[in-house]
Amino acid sequence: MLFYASTYSDLNEAAKDKVVVLPLGAIEQHGPHLSVSTDTDIVTYVAQQIEKALPESVLLCPTLPFGSSHHHLSLGGTMSISPELYTQVVMDLVGSLVESGFKKIILLNGHGGNITPVRQALAVLSKRFDVSHQPTIALATYWEVGGKAFAGEPPMESPALSHACEYETSMMLHLFADKVWMERVERAQRPESNGYIPWEDDEPYRGVTVFKQTAFISSNGSSGEPQLGTAEKGKHLVEQAIKGLITFIESFKNWPLSESLR
């Protein structure tokens, strides 16, 4: 773990060669059948398996358990950092790592609501540190790096990961079955398709974005087809996420450090 470095010289030496991984989770409602810790639980497990697989390459930070989840607040059980503040929190945490001498940093994300504020943080961090410290900072969301496994490839039956859906339900059944209550699963009422906005993540992006609070797009806070979740599917998804991220990190650790071309 990152914080096991006992001296300043140890930290400097680690900074030269290691990839720092900071997992980003969330504490938010996941429909009537999943724990509010779902996003944090999954991303923490995936991060720990990556550290075990790449002990000589990765320094793992403790998971930031709270995310940007204000759109879930009306459904209860959610603890959220506002998007504006979340951007600042990520900037401060990553800035601390950069100031300590780390050059290669991955923000391993487990919650969709974190993506936009983290991208904003990356833009500001680039402006702040590209010239002075020249770090390479990457956002990697596990289900995006996991590829086809999270986009309808068998054994999955629904088109893509969304929220408290077949995918998340399956992963939690595999990893933390005691935090899943399948007897409570209920397919949520969702808005009718309009051909442009993928309310269920089952329509291709067509260049139009609309953001709505969760209560306006789901009757119970879940989406997709959670009733299709199984532990066997979850095992497949978790393995594919870990495999994809290991492949990425093994590439990332060998990227040359960024230098100005002018």
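This briefing describes the overall form of the protein and then some of its individual residues. The structure is a predicted model. The protein contains seven helices and four strands, and their order along the sequence is α-β-α-β-α-β-α-β-α-α-α.

**Overall form**

- The radius of gyration of the protein is 19 Å, which agrees with the value near 18 Å that a compact globule of 262 residues would have.
- The C-alpha trace spans about 55 × 35 × 30 Å along its principal axes.
- Of the contacts in the protein with a separation of 6 or more, 75% are between residues 24 or more positions apart.

**Surface and charge**

- Of the 262 residues in the protein, 50% are buried.
- The accessible surface amounts to about 12,800 Å², and carbon and sulfur atoms account for 55% of that area.

**Strands S3 and S4**

- Strand S3 comprises residues 104-109, and it pairs with S4 in the parallel sense over six bridges.
- Strand S4, residues 136-141, is mostly covered, as five of its six residues are buried.

- His-72 is located in the loop between strand S2 (58-60) and helix H3 (83-99).
- His-72 counts as buried because its relative accessibility is 4%, which is under the 20% cut-off.
- Leaving aside residues up to four places away in sequence, His-72 touches Glu-28, Gln-29, Thr-78, His-111, His-163 and Thr-214.

**Backbone features in the loops**

- Most residues other than glycine have a negative phi, and most peptide bonds are trans.
- Gln-134 has a positive phi, near 55°, and is not a glycine. Gln-134 lies in the loop between helix H4 (115-129) and S4. With a relative accessible area of 28%, Gln-134 is partly exposed, since this category lies between the cut-offs of 20% and 50%.
- Ala-164 also has a positive phi, of about 50°, although it is not a glycine. Ala-164 is found in the loop between H5 and H6. The relative accessibility of Ala-164 is 0%, so this residue counts as buried.
- The peptide bond that joins Pro-154 and Pro-155 is cis, with omega about 15°. Pro-155 belongs to the loop between helix H5 (142-145) and helix H6 (166-175).

Definitions and conventions
Residues numbered from 1 in each chain as written. Predicted model: local features only at pLDDT ≥ 70, side-chain atom pairs only at ≥ 80, totals over all residues. Heavy atoms only, no water. Helix = DSSP H or I, 4+ residues; strand = E, 2+ residues; numbered from the N terminus. Rg over C-alpha atoms; globule rule 2.2 N^0.38 Å. Buried < 20%, exposed > 50% of the residue type's maximum accessible area, 1.4 Å probe, protein only. Contact = heavy atoms within 4.5 Å. Areas by Shrake-Rupley, 256 points an atom, 1.4 Å probe, with all protein chains shown as cover. Pairing = 2+ DSSP bridges.
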